[in-house]
Amino acid sequence: MKRLTLISASTAIACGVGVLIAACGGHDDSITLTDPDAIADTRAAALVGQLTTDEKVQLVHGTGIPNAGFGGPFPSGVNGAGYIPGISRLGIPALSMADSAGGVNVANSNATALPAPVALAASWDPLLANAYGARIATELRVLGYGEGLGGGVNLTREPRDGRTFEYMGEDPVLSGTLSAARTTGTQAQKVIATIKHYAMNDQETNRMTSNSVVDERTMRETELLAFELGVKQGQPGNVMCSYNLVNGIYACEDPYLLTSVLKTEWGFKGVVQSDWTATHSTVAAALAGLDEEEPGDVGDTSALGFSLPSYFSTGLKAAVTAGSVPMSRLNDMVQRKLRTMIRYGVFDSPPTPGGAVDQAAGNAFALQTAQQSAVLLKNATPANASAPVLPLSAASLSSIVVIGGHADVGVISGGGSGAVPAAAGNAVSGCTSSSPLLSTCATWYKSSPLTAIKAKAPSATVSYVDGTDANAAATAAAQADVAIVFATQWETEGADLTTLGLPSNTTDTFNQTYDQNALITAVAAKAKRVIVVLENGSPVLMPWLGNVHGVLESWYPGVQGGQAIADLLFGDINPSGKLPITFPQQDSDLPQATISPSDTTVNYSEGLMMGYRWYDAKQIQPLFPFGFGLSYTTYAYSGISAHADGSGNVTVTFTVKNTGSRAGAEAAQVYAKLPSGLGEPPQRLVGWQKVSLQPGQSQQVSVSVPAKLLSTWDAANHKWKLNAGAYGLVAGASSRDANALTTSVSLAGQ
Ligand code: BGC
């Protein structure tokens, strides 16, 4: 019988996909491996066999934070969030990692600031997500980074979470599917992708000490399902465990999360990496399944003279020597690290710093993403008009006033590790001089909506009023054919919003100099036509909604945001985004009334009712429902049917027709209503397809729904269960489409 022969480490370095392992190892009794996973495993194992204990320990912790000057020393050009030195005698390259939620977060890198991940989610487009991951990876690689720390999939349980912009909404299937597509795009460019923050890390208040108290079924059917889809379909090299505790155990030392679920049940073969300083022990964390401590430190003392935690450096060596962490566990950590580097091309083709980002290509992709992710929320017909306010027709406008939101100079973005610094010459300051810290200042990119609007309407008078004087803005609006008010909401890692109400000079003293709701209300009272353009990461409340004609949600639209907004307002691009998050009418409609600043117990008392499931179950009318988004054309759905195979996989088929006069793209959604008596919320998203249609064109849509997505988590037996009974299947334009089509299938259960 042929057997696989472990080859020497130096030979392993030269061996690649599809080569004869026999030739590499020089043994005739070897077999040819063509499976890249098997090759990576084999080569990694050969290397592990050559490493000393010190070398192994070196590979499982970082050496500080290059961009903050903690730890090191770091080679020149290394300026990201973490760094692991290589081992040259065995050809193991160093690994440099950088944050990359919506672009590479490295100062002075000229990386492209893409629309935020929440915007990507609003595109409902896995192909775009794949290209998004690839775009960021291309820039990471050219800048010398082999690992991107982008890819957050924490669900929007609490929309005031300051990192909502970094995540992909409130639904596990949408978030997990897009995460996998993004990961695949990243890793195809030979950059290791990270999916984070595992798990139940759904608000920033007390994030390092809070304890998410959540039952097993809730976890499995909500946030862990997003991770499960992201891990199984995307095969990310890294999973980053989070700061918080889950049911009393730190996420980075939780054997249930790290080993039982992630590694054993889901078959994750990559590295569990701690969030930055989220490691709290050596033995407990190592035995629970943590594989890498970040940011770590070298000699337990940083360059700044104080220690970063370093449980996985000298502490881990001592624990292995003492036998409290078996050598086999350390070997497993190293095996995971090396197989990931080999599998995703970082080992054989390590990136080197010093390259230049292709800004033209980045900008083109940023523009495309912003165009495809904006959501048209309202488009009413003004009094005395015969058509909806949007799209604007330049030929019929002689005057336009643009108001507020620094729309004369740029667009806002989110803060923290998910930020992307402005490229050279592209920074705009929107911050008030009272800001004591850079970290409280929003980054604004020089992409002026005003300039782009002027270019669309060259014969019109286009003026700008900064919004600080609501009366002056209202007067200017009264004199113009149309008023376009820009409203912004800044949010950041490390802090939650106190309200979903638009920030004012009292709730965001650094980035706002006036009351935005008062401004919009004043303008709406006088303007003939008024459109509100939102730039935000979390949902916003709209007490003025009934008094404005149009609302365009552009999220944090990235470095080409101004151009994309103008393209959408004037109809050069037909909006096709749909909300990945419910917009509530008021804060008090949220499951958690307030975010306690002092109580570190975060009780998931709403259970399964996360996101739209909450509003559906409680029969609360949202301001805008999950999945909602308008277009400049119209669509009709018809002819639904569904059939199940013997395993309970269901295919739902229906037709979508573009019944309007413009080409457009429609994210047609399928929701399932599970049999009654299971304690489930009324419906859950089980699939969708985004179809592009010319005017008058029809397309049959076929959505495959795996049995898993129709199942419930059986907490007594710790497994998924497909229950017998009648399943309603609903196809429509949103989670609350009055014209949705309904059918049902009967499943036998398992
Ligand atoms: C964040 C992570 C980030 C890391 C490195 C942490 O504070 O939670 O998302 O990747 O810092 O910058």
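This is a predicted model: local features need pLDDT of at least 70, side-chain atom pairs count only at pLDDT 80 or more; totals for chains, interfaces and linings use all residues.
Started with Ala 119: leaving aside neighbours within four places in sequence, I find Ala 119 in contact (heavy atoms within 4.5 Å) with Ser 373 and Trp 555. Residues are numbered from 1 along each chain as its sequence is written, and side-chain values use heavy atoms, with hydrogens and water left out.

**Ala 119, continued**

I placed Ala 119 in helix α5 (residues 117-123); helices (H or I, at least four residues) and strands (E, at least two) are DSSP runs, numbered from the N terminus. Ala 119 has 0% relative accessibility and counts as buried (under 20% relative accessible area; exposed is over 50%, partly exposed in between, with a 1.4 Å probe and protein chains only). I also checked Leu 579, which is 460 residues from Ala 119 along the chain, and got 8.9 Å between the two C-alpha atoms.

**Salt bridges**

My search of the whole structure gave 33 salt bridges, each a side-chain nitrogen of Lys or Arg within 4 Å of a carboxyl oxygen of Asp or Glu. I looked up a few.

Arg 220 and Glu 265 pair up at 2.5 Å, N to O. Arg 220 sits in helix α8 (residues 216-221) and Glu 265 in helix α10 (residues 255-265), so I have distant parts of the chain linked, 45 residues apart. Arg 220 is buried at 1% relative accessible area, while Glu 265 is partly exposed at 37%.

Asp 291 is in the loop between α11 (283-288) and α12 (314-322), 28 residues from Lys 263. I have Lys 263 as buried at 10% relative accessibility and Asp 291 as buried at 1%.

Next I took Lys 578 and Glu 666, a salt bridge at 3.0 Å, N to O. Lys 578 lies in the loop between α18 (561-569) and β21 (601-603) and Glu 666 in strand β24 (residues 664-673), so this pair ties together parts 88 residues apart in sequence. Lys 578 is buried at 1% relative accessibility, and Glu 666 is buried at 5%.

I also noted a network of salt bridges linking Asp 37, Asp 41, Lys 269, Arg 339 and Arg 343.

**Helix pairs**

For α7 (residues 172-188) and α9 (residues 223-234), I get axes that come within 7 Å and cross at roughly 30°. The axes are lines fitted to C-alpha atoms, for helices over the stretch in contact, with angles from 0 to 180 degrees between N-to-C directions. That makes α7 roughly parallel to α9 (under 35 degrees; over 145 is roughly antiparallel, 65 to 115 roughly perpendicular, the rest oblique). Residues making the contact include Ser 175, Ala 180 and Thr 184 of α7 and Leu 225, Leu 229 and Gln 233 of α9. By class I have 6 nonpolar, 10 polar and no charged residues there; Ala, Val, Leu, Ile, Met, Phe, Trp, Tyr, Cys and Pro count as nonpolar, Asp, Glu, Lys and Arg as charged, and the others, Gly among them, as polar.

The axes of α16 (residues 470-479) and α17 (residues 516-526) come within 8 Å and cross at roughly 30°, so I logged α16 and α17 as roughly parallel to each other. Among the residues making the contact are Ala 470, Ala 474 and Ala 477 of α16 and Leu 519, Val 523 and Lys 526 of α17.
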